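Please keep the sequence and the structure in view while reading.

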Amino acid sequence: MRVLLLGAAGYLGRFVADRLLADPAVQLTALGRGDDADVRFDLSTGSPGALTRFLDAVHPGVVINCAGAIRGTASELTRHNTVATATLCESLRRSGCRARLVHIGCAAEYGPSPNGSSIAEDAVARPGGPYGVSKLAATELVLGSGLDAIVLRVFSPTGPGTPAGSPLGRLADALRRAMQHGDTELKLGGLAVHRDFVDVRDVARAVHAATLSAAQGVVNIGTGHAVRLRDAAVSLARISGFTGALHELESPAVPRQGHEPGAHPHPHTPAASHPVAPPYPDGCGGWQQADVRTARDRLGWRARIGLEESLADIWMEAACRM
């Protein structure tokens, strides 16, 4: 099976590439903006005609789109997430390869949801920020393209490689600095939110399953269990060996400026005198939990890696920077 992977250098893309390379039946080609790509092409500025010619030459059976931006201005997010997806869909329509499209969406497309609820794929999407809007527009383009396509709406990816600016990455970095400085307490804000954390390796398994499936439409990729960020912070502190006190600060409402889990908010010094700011300005409110029955029924997929293992891998990488 010839697979064309876009965004192989990104956080999710790297693990998707590793998963596919482990399958001897897959012949993988990476297309992207970086020098490490097999073929250099910028979806946000390249023409559909040029990409169509490449598709006709390579003739992939599956195209996986992990490309996009997770932060930036509304204009930049629109260009890298929405316009880029429009270019890809148009190129696939023009091409004679008839490839299946596996597009990576994000739970930020849903926006806020009621506490205690599980979000199913037929929920009305009301993204709370420009990132979610740009990703929702991309999803709608894929679904309306007439292509053989599936959109995987990934909830909060975590585990090895978690960016330092992501919620759990920020917590790990705050703990690392506190331990380096000998701090006996750590003040943290924004820990009241609940998110559905799914290990990035499980996400890669879901992408692989989607390449082999005939399922179409939107499929949620999560664990089906929301975890309070405060509880994740306590677990991470225990794993790290931090013996000081964790103090949860009263913080203002979570901003509505959207970005994907894994994006990089402005850095804050984590010492006791400089509290860590609320790390979840993703426009998703206080609660997100996936309804994962569709992934189970249509992809034969479920999350396997628990949050404790993901947190241990996050801390191992943070500790290497001490």
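An open sheet of 7 strands runs in the order β3-β2-β1-β4-β5-β6-β11, with parallel pairing, where two strands pair if DSSP finds at least two bridges between them. Because β3 (39–40) and β11 stand at the edges with a single partner strand each, one side of each is left without a neighbour in the sheet. The model is a predicted one, in which local features need pLDDT of at least 70 and side-chain atom pairs count only at pLDDT 80 or more, while totals for chains, interfaces and linings use all residues. Residues are numbered from 1 along each chain as its sequence is written, and side-chain values use heavy atoms, with hydrogens and water left out.

- Strand β6 (residues 149–154) runs parallel to β11 and is joined to it by 5 bridges.
- Within this pairing, I150 has G217 of β11 as its bridge partner, and V154 stands opposite I221 in β11.
- Strand β11 (residues 217–221) is mostly covered, with 4 of its 5 residues buried, that is, under 20% relative accessible area with a 1.4 Å probe, protein chains only.

**Helix α1 and helix α6**
- The axes of helix α1 (residues 11–21) and helix α6 (residues 200–212) come within 8 Å and cross at roughly 60°, the axes being lines fitted to C-alpha atoms, for helices over the stretch in contact, with angles from 0 to 180 degrees between N-to-C directions.
- That angle makes α1 oblique to α6, since oblique is what remains once angles under 35 degrees count as roughly parallel, over 145 as roughly antiparallel and 65 to 115 as roughly perpendicular.
- On the α1 side the contact is made by Y11, L12, F15, V16, R19 and L20, and on the α6 side by V200, R201, V203, A204, R205, V207 and H208, contact meaning heavy atoms within 4.5 Å.

**The chain as a whole**
- The chain holds 9 helices and 13 strands, which are DSSP runs of H or I with at least four residues and of E with at least two, numbered from the N terminus.
- Of its 322 residues, 56% count as buried.
- Among contacts between residues at least 6 apart in sequence, 83% join residues at least 24 apart.

Definitions and conventions: Buried means under 20% relative accessible area, exposed over 50%, partly exposed in between (1.4 Å probe, protein chains only).
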